[in-house]
Amino acid sequence: MNVSPSPPPTQLDSLLLKLSWSLFGITLAVVALRLCSDLIMRSFRLSSFLALVAFLLALAGQVLITLAVHWGLGRHMEGLNPEEIRMTMTYIWQAQPIQLLANTAGKVSIAALLVTLHGPKFAKSKTIFIWTLAAISTIFVIIAIVMIYAQCSPVAKLWHESLPGSCDGRNRNQTFAYVQGVVSSIVDLALAVYPIFLFWDLRIQLLKKLILSVLFAFGIVACICAIVRTVNISKLGQTSDVSYAVGSLVIWNTAEMYLVLLAGSLPGLRPLFNKRVKKPINHNSIYGYSSRQSRKSSKHDLVVRLSNLPSSQSKAYATISNINNRTHSDSTENFFKNINSGQIIKTTEVNMATLIPPPSKRQRVAVAEKAREQQDIDTIPGHLGSVRVHFFDQSTGKPTGAPVAIPVADATVKNLELLLNTLQGN
């Protein structure tokens, strides 16, 4: 009787390395492009800094996971010797806290980016909501890391079972890992769904709304990874094949970490692509204005000079002058650029004009009245009778001739000068 050999046991080490390093390469390219975008826009925001910190933590975690795979992570315990088991568990327990921190830094980076995108409507409430999500995620991760290293005494017993001591906190750590996994899933989902409602309320093109929503939707996939990771935690307490079970857990944890980084970095690439396709500059749309001037239009054509306006109107146009003082760059409608307080407001298209607004009715009446007062009188009515005029010498005070009766109609300055010259014999 021939007995067919049993198939070799499945291993996860190769899959883990291929998946993790592929996601690392994609994330490296996206983060690098995002930093280039910040250089183009001449701004390095808080969200960019947090994304860089998250990437560096992910890099450290990736190196430790690779070392763990080298020693036996993802393979079955039956094929490992005691030294390989010890080294595998050493790198696993060192990598797990770092990956948790990288995951959390990525979520805080997304929160910092979203804070700059919402409009003025309910701005304070939106800001509190977003930062509350980030704070909750951070707090639970910090507690989880503390409980990881507090489950065994001494700590080295985590990866060196033969050491004297106890690990009374394993069940407690596993229970809190469930809680932290649920919280992580909820935060991932909230940070992915919230931008969809946010962008749908912005006055931008429908295509741009869809693109931005899809970019942030990576958080939904990260949420799925977090759920699967949380479910896999239960396997750790039900099997003695720890190196293989932890390998499955690390796969989902690594995928969630990189997807969170991608969700927070991809939206920041938009200014870079605007630069690449050389779209016309439209700085005013960032500040709530939109101009349809051509590319050759000077920035002075878009600004009403306050010196040409009456003082009563300069206040109404004061905000327009601020546009002329902004730092210009080569990008179009940068929805992720810091604007003073770091916010990008909901934009509205407004066609600007350089025409000075017409004067008010009160101003027109005042101008007409002044013109009437300064108008020369060409004719004098003839029905006013006559007037007696007596000239005196200013130097001596003596009269010059006898009084003369002159019709009022003829009492113009020119006629009086002629009469005085006649009386003086000139």
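Q: Why is F176 called buried?
A: F176 has a relative accessibility of 17%, and buried means under 20% relative accessible area, with exposed over 50% and partly exposed in between (1.4 Å probe, protein chains only). So F176 counts as buried. Bear in mind that this is a predicted model: local features need pLDDT of at least 70, side-chain atom pairs count only at pLDDT 80 or more, and totals for chains, interfaces and linings use all residues. Residues are numbered from 1 along each chain as its sequence is written, and side-chain values use heavy atoms, with hydrogens and water left out.

Q: What makes F140 and F176 a stacked pair?
A: Rings of Phe, Tyr and Trp (its six-membered ring) pair if their centres lie within 6.5 Å; planes under 30 degrees apart are stacked, over 60 edge-to-face, and the rest tilted. F140 and F176 sit 5.9 Å centre to centre with 10° between the planes, so stacked it is.

Q: What makes F140 partly exposed?
A: Its relative accessible area is 24%, so F140 lands in the in-between class.

Q: Why is the pair of F129 and Y194 called tilted?
A: The centres are 5.7 Å apart and the planes make 45°, so this pair falls into the tilted class.

Q: How do you know whether Y194 is buried or exposed?
A: Y194 has a relative accessible area of 16%, so it's buried. F129, at 39%, counts as partly exposed.

Q: How many aromatic pairs does the ring rule give?
A: Five. Ring pairs also link W21, F24, F55 and Y258 into a cluster.
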